[in-house]
Amino acid sequence: MADPELVDVVVVGLGVGGEEVAERLAEAGLSVVGIERDLVGGECPYWGCVPTKMMIRAANALAEAHRVNELAGSAQVQPDWAPVAKRIREEATDTWDDKVAVDRFTGKGGRFVRGSGRLDGPDRVRVGDQVFQARYGIVLGTGTRPSIPPIDGLGDTPYWTNHQAIEVEELPESLLILGGGAIGLELAQVFARFGVRVTVVEAADRVLAVEEPEASEVAAAALRADGVIIATGVKAERVSHDGQSFTVHGGGAEFTADRLLVVTGRRAHLEELGLETVDVDASQRYLPVDERMHAADGIWAVGDLTGEGAFTHIAMYQAAIVVADVLDQMRRTKGGPDPSGTASVVGGAAGVASAVGGAMSAGGATAAPGSVPRADYRALPRVTFTDPEVGAVGLTEQQARERGINVQVGYTDLTTSARGWIHKAGNAGFIKLIVDADQGVLIGATSVGPAGGEVLSGLVVAVHAAVPLSQLRHMIYAYPTFHRAIEDALRNLK
C-alpha cells in the first residue's frame, strides 16, 4: 500500500460545522482534505432547518389566511402541497444534490473526497484505499443519525424518518408521529395545516418536555386547535403494518394511520470512526470535547457529534473556535506569527488576539493575547418553530432549582400586552424569566408567541452578558412591540 499522503488538516464529515472548518482553513491557505459520504452541508440544508422552515412558512400562510375571517373580512383557502415540495426540491436542496457545496469548498482551495473517513491511528485518516496524514490535526464533524427505539415490530415496517417527511411529494391522508419534541411538533403542525389527520404519541407526560411546562401547554393547545391529536404518557410497545397502514400499540390504546414518522431523538455513531485507534472510548452516545473542542490529542470535534445541542448555530459557534485553535497551533508549531494573517477572527470568533492588537473573547470567556476563545453554553438559544414559536435560553425554572439556585420567576401572558391585544388572532404566548436572586442576573428565559424566536434575542444578550436586573428594568422598550412584554415580566418577578 502507498505511503500516507501528508496534508495540513483532515476534516471527516462535512456537515454544517465540518464544512465551515474546512472552508475557513482552506481559505487561510492550509492544505485541507474534506471527507463526506453523504451530502456536503449535512442535515440542515437538505432535511432540517432550511426545508422545514420553508414548510412552516407555507403552513403559517394558510393559518394567517384563516385568521382573515376574524380580523379583516372573509377568505377561503385551499391547501396545495405541490408548490411546497417544488420549492424544497428546487430552491433548498437542488433535488438533494450537493454539487454547489462541493464546488464552493474546492473553489476555496480544499480537496474533496467522497467516502466514509475513519481514524487509522494518531494523525491518520483512512477513506477507502487512501490514507491521509495530518500535520496539524483532524476534525470530526460526522453528526448524528435518527435514534430508532427498540419497539417490537418497528424495524420490519417502512416507517419514515425526517428524511422521508421532507422529501414527500404527495401527503398521506393520516400520519402517526412518534415523538413530541421540537421536530415532531413542527412537522405535526405543518402536515395538519395541509389537511393531514395527525396524531402525536409521546412517552413523557407532556410535549416539549425539555422546555418550561407553560411552553408545553401553549404548544399543545395550538396544535390541538389545528386538529392534531396529542397522546402523552404513552409508551409505544409494539408497531404493526398490514401493507396499507401502521398501528402503534401502547398504554392500552391503539393508534392507526397511513404513515408513521419516528422522531424520537438522534445519536452519534462513534463506533464507525475508528476511535479505538487513538484510545478514545467509542461506546459513548456522544463524543465529549473540552472548551476548545479537543476530543483527543490532535483531534477536534464539532456539531451534533459533541452532544452540546443539535443546532446549526452550535455547530457554527464550535467551528469558529476550532478554526482559531488550529491556526493558533500552526503558528506555535512554526514558531512565528500566524502565516495566514487570519487567525485573529475566523467565522466570527476571536482567535489569535495578537493579530488584532489585543485580547478578545468569545462565549463570555476572556481570551488573553495569543490565546483561543473557549466555548461557553450558558446562553445557548433554542427555538421550536411552531405557531406560536417557542424560544428559550439558559436554564429552565426546574433546572435552576435543581442546582440549588435562589430563584426568582417573572411571568407575563403575552395576550395582556398591548401588542398581544392588538395582534388578536394567533396571539397566544408568554414571557418567563428565571433569575438568580443572589446575583441579580437573568440565567434563563422563555419567549413564546408569534415572534417568540425573535423576541428571544434580547434575552440571550441579557443571559450571555449577565446584565444586572437594575439595567434591564431601566431600559427603554419600544411600544407597541412583543418584546415590550419583557418589561412586564421583570415587573412581575417574585
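**Disulfide and dimerisation-domain sheet**

A disulfide joins cysteine 44 to cysteine 49, with an S to S distance of 2.4 Å; the term denotes a pair of cysteine sulfur atoms within 2.5 Å. The structure holds one such link. The model is predicted: local features need pLDDT of at least 70, side-chain atom pairs count only at pLDDT 80 or more, and totals for chains, interfaces and linings use all residues. Residues are numbered from 1 along each chain as its sequence is written, and side-chain values use heavy atoms, leaving out hydrogens and water.

The link of cysteine 44 and cysteine 49 is left-handed, with -135° about the S-S bond. Cysteine 44 is buried, at a relative accessible area of 14%. Cysteine 49 is partly exposed, at 29%. Buried means under 20% relative accessible area, exposed over 50%, and partly exposed in between (1.4 Å probe, protein chains only).

An unreviewed UniProt entry annotates residues 381–489 as "domain: Pyridine nucleotide-disulphide oxidoreductase dimerisation". Such annotations may be inferred rather than shown by experiment; positions follow the numbering used here, and feature names are shortened. The span is 32% helix and 30% strand, and its end C-alpha atoms lie 19 Å apart. Helices (H or I, at least four residues) and strands (E, at least two) are DSSP runs, numbered from the N terminus.

Five strands form an open antiparallel sheet in the order β22-β23-β26-β25-β24. Its edge strands, β22 (381–384) and β24 (407–413), each pair on one side only. Pairing requires at least two DSSP bridges between two strands. Four bridges join β22 to the antiparallel β23 (residues 389–394). Arginine 382 has alanine 392 in β23 as its bridge partner.
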